[in-house]
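Trainee: Could we go through this model together? I would like to ask about it step by step.

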Amino acid sequence: MRFAARFLILYGSQRGQAQSIAEEICQQAAEHGFTADISCLSNQHKYNVDREIRPVVFVVSTTGDGDPPDTAHKFVRKIKNKSLVHDHFSHLRYALLALGDTNYANFCNGGKTIDSRLQQLGAKHFYATGHADDGTGLEVVVDPWIEGLWDALKKIFSSMSTSNQQSADLSDCTQDNYHKNASGQEKNKSGLEVDLQLLKLSEVDSQKEKTITSDSSDVETLSTALVASLKQSVPPLSESVLNVPALPASYLEVCLEQVSTEGETVPSDKDGYREVSISKAVQLTQDDAVKNAILLELDISEQSIAYQPGDAFDILCPNRASEVEELLLRLDLQTRKNCAVQVNLLKNSTAKVPLHIPQSGSLQFILTWCLEIRSAPKKAFVRALADFTQNGSEKRRLLELCSKEGSADYNSFVRDTNVCLLDLLRAFPSCLPPLSLLFEHLPKLQPRAYSAASSSLQHPGKVHFVFNVVEFPACPEHPARTGLCTGWLADHVSSILRPLGTVPASEIPSLPRPSSTFHLPADPSIPVVMVGPGTGVAPFIGFLQQREKEREANQEATFGETWLFFGCRHKDKDFLFRYVEELERFALNGTLSHLIVCFSRDEPDAAGTVNRPTYVQHNLRLHAKNVASILLKNKGCLYVCGDAKNMAKDVNDTLLEIIGNELQIDKLDAMKIVAGLREEKRYLQDIWS
């Protein structure tokens with residue numbers, strides 16, 4: 001029996017990253033002699049893993065509290081069906097790439113959930129599972145994993161074509177392949193090197209494998225006094241032979257047609273977005289606070305939008321008009337910005353036109369609403385940009401940034417500093433990429449999610465949310481700028497925030513994003529502990545508004561204790577909701593049983609308080625017995641909202657410490673207790689990095 005070299009890619013994506021990676025694999029497949037079919041896990045009518053004999057590649061992200069993405073929920077429920085026999089998937093050969101973020105609990109748990117269940121039901125790996133960490137850069141794992149995938153596919157197809165007996169454990173024959181490819185040193189059995197290509201600067205050619213050396217006549221002699229920057233390297237990198245990734249194959253043809261595109265303003269509502277008006281805005285912090293926090297009220301009365309406290313709302317914002325104009329000018333396309341864009345596949349390409357690029361939309365519209373021009377360019381994009389850079393030293397530097405040897409420089413000067421395409425084009429003026437390259441490499445412009453900070457019982461027809469205006473100070477890599485969405489929202493409401501300001505007649509595209517778990521307990525008698533420093537307090541304002549109205553409507557009912565641990569820098573500068581929604585009022589009328597606050601930057605009071613609590617985790621320790629009693633004896637719930645990188649980790653460590661001390665158990669046993677709380681949905685997080 002002969003097997004065609006055709007495999008299936010299935011992805012589960014929440015914010016588009018898993019989908020983008022899956023599409024990248026699909027596009028690369030033809031270069032390696034394969035044909036790939038691709039589908040979202042939610043489109044179950046397009047595939048059938050119950051009978052799939054082709055190799056399957058899964059790319060799965062993680063969302064929420066370690067959950068699979070929304071698009072994978074039906075698939076996960078299906079494979080978790082307890083009636084399935086232990087060998088239900090014994091025919092299935094698969095590889096899985098899991099995406100996650102170590103700043104969050106349950107790293108890569110969405111992919112791990114699918115992986116472990118497929119194994120339980122008899123499926124076999126043909127390639128080792130990859131776990132990519134967005135906290136350190138997905139490409140660190142994703143790129144070598146994809147590089148090694150092709151050799152693994154060759155082996156599985158070879159096995160399938162020579163024998164119908166597939167009892168061997170295919171995961172054993174390729175288990176080491178991914179790890180070896182991560183260092184770029186393995187050769188496959190046919191002798192073909194899968195090492196990263198070596199390219200020579202003086203003979204850069206997208207079709208040939210060459211070597212780069214720093215002694216090209218185009219490369220300027222660098223003084224040892226210079227320091228590394230985005231624009232230049234220093235020894236040893238500047239003198240190194242570079243391992244540069246292969247040039248990604250082009251697959252799009254972009255044509256601009258001189259036809260009318262008038263009337264385009266924002267994306268159509270095909271994705272469910274609705275135009276909602278801003279009805280109120282309040283600055284929650286003082287002018288001299290470190291961060292500027294703003295409460296926004298949206299009028300949803302005419303949209304029939306229902307939500308619960310704990311849900312979020314996606315806000316779709318455009319790219320900055322000034323940045324779009326600069327990009328058009330840089331590409332010498334400013335006079336053609338109103339032309340209609342036609343995107344087609346190059347001849348013989350098996351890739352697909354990205355779904356987020358509309359046909360016949362104007363160039364300005366696509367750059368404004370469809371492509372994330374602020375995203376940090378991935379190494380593959382940097383590699384492609386190098387081929388359209390005329391100056392030798394600039395080309396060398398771009399190749400360094402995408403090379404294996406230049407990984408530290410890439411992290412320092414591109415990823416960690418939030419450098420975007422425009423920043424690279426400013427730094428490397430001889431780089432003149434074609435429009436098709438941007439369409440191939442720039443990701444979809446993603447919405448930004450904000451937790452509802454209100455209850456519809458308290459504010460019918462309205463929803464509130466809170467945000468800090470994110471600021472990126474000027475640095476050598478880029479000019480000062482504000483966050484894409486928070487800066488846009490702040491500009492929208494600037495007139496309201498001024499004295500005697502009026503509400504502007506403006507609308508913003510919004511879409512509710514219901515939470516599956518981050519809600520108050522259905523039983524109001526269950527006690528809750530809420531931990532929300534800074535803007536992390538937002539969903540708990542909604543919780544308390546809801547609870548206040550429930551108490552008014554059911555005065556005979558029993559309500560459990562409510563604890564709120566809040567923290568900020570200064571009591572008099574950024575104590576959010578102290579007066580606007582009157583946290584202290586909730587405490588006085590009994591809606592909030594305990595309001596525990598701390599101020600990390602305030603000076604000690606006149607009494608010179610010793611060991612004054614600085615952060616929320618310090619107050620949790622001070623109230624350790626109460627917290628332990630609520631969670632362990634009274635079966636209460638713990639909610640944490642805010643920063644994942646520091647606060648959420650510190651709170652989790654403190655919780656382990658509290659449980660360990662209370663039960664007199666070691667850390668491992670405490671971790672099992674905490675895992676149980678998560679499993680029972682009594683330890684819930686709404687966190688971001």
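Trainee: Of the 689 residues in the chain, what percentage is buried?

Mentor: Let's settle the ground rules together. This is a predicted model, in which local features need pLDDT of at least 70 and side-chain atom pairs count only at pLDDT 80 or more, while totals for chains, interfaces and linings use all residues. Residues are numbered from 1 along each chain as its sequence is written, and side-chain values use heavy atoms, with hydrogens and water left out. Buried means under 20% relative accessible area, exposed over 50% and partly exposed in between, with a 1.4 Å probe and protein chains only; for the 689 residues of the chain, the buried part is 49%.

Trainee: How many helices and strands are there in the chain?

Mentor: Both come from DSSP runs numbered from the N terminus: helices are H or I with at least four residues, and strands are E with at least two. The chain has 20 helices and 21 strands.

Trainee: Among contacts between residues at least 6 apart in sequence, what percentage joins residues at least 24 apart?

Mentor: Contact here means heavy atoms within 4.5 Å. Of the contacts in the chain between residues at least 6 apart in sequence, the share that joins residues at least 24 apart is 76%.

Trainee: Which side chain makes a polar contact with the side chain of Asp409?

Mentor: Asp409 sits in helix H11 (residues 407–415) and is buried, at a relative accessible area of 14%. Leaving out residues up to four places away in sequence, Asp409 touches Ala228, Ser233, Leu237, Leu401 and Val414, among others. A polar contact is a pair of N or O atoms within 3.5 Å; within protein, one must be able to donate a hydrogen and the other to accept it, and residues adjacent in sequence count only if both atoms are side-chain atoms. At 2.9 Å, the side-chain partner of Asp409 is Arg397.

Trainee: Which helix supplies the largest share of the lining of the second largest pocket?

Mentor: On a 1 Å grid over the protein atoms alone, a pocket is an open set of points with protein on both sides within 12 Å along at least five of seven lines, a cavity is a set where a 1.4 Å probe fits but cannot get out, and lining residues have an atom within 4 Å of a point. Grid points are joined across faces, edges and corners, and a volume is the space filled by probe spheres set on the points; this pocket holds about 550 Å³, and the closest of its 19 lining residues to the centre are Asp67, Pro68, Lys80, Asn109 and Lys681. Helix H2 (73–79), helix H3 (109–120) and helix H20 (667–679) each give at least two lining residues. With 4 residues, the largest share comes from H3.

Trainee: How many residues in the lining of the largest cavity are nonpolar?

Mentor: The search of the whole structure finds 1 cavity of 30 Å³ or more, and Leu620, Val627, Leu638, Val651, Leu655 and Ile658 line it. Helix H19 (residues 644–663) gives the most to this lining, with 3 residues. Ala, Val, Leu, Ile, Met, Phe, Trp, Tyr, Cys and Pro count as nonpolar, Asp, Glu, Lys and Arg as charged, and the others, Gly among them, as polar. The lining has no polar and no charged residues, and its nonpolar count is 6.

Trainee: Which peptide bond is cis, with omega near 5 degrees?

Mentor: Most peptide bonds are trans. For this one, look in the loop between helix H6 (177–182) and strand E7 (252–257), where Pro236 lies. The cis bond runs from Pro235 to Pro236.

Trainee: Is Cys255 buried or partly exposed?

Mentor: Cys255 is found in strand E7 and touches Ala340, Val341 and Gln342, not counting residues up to four places away in sequence. Because its relative accessibility is 30%, Cys255 counts as partly exposed.

Trainee: How many disulfides does the structure hold?

Mentor: A disulfide is a pair of cysteine sulfur atoms within 2.5 Å. By that cut-off, the number of disulfides in the structure is 0.
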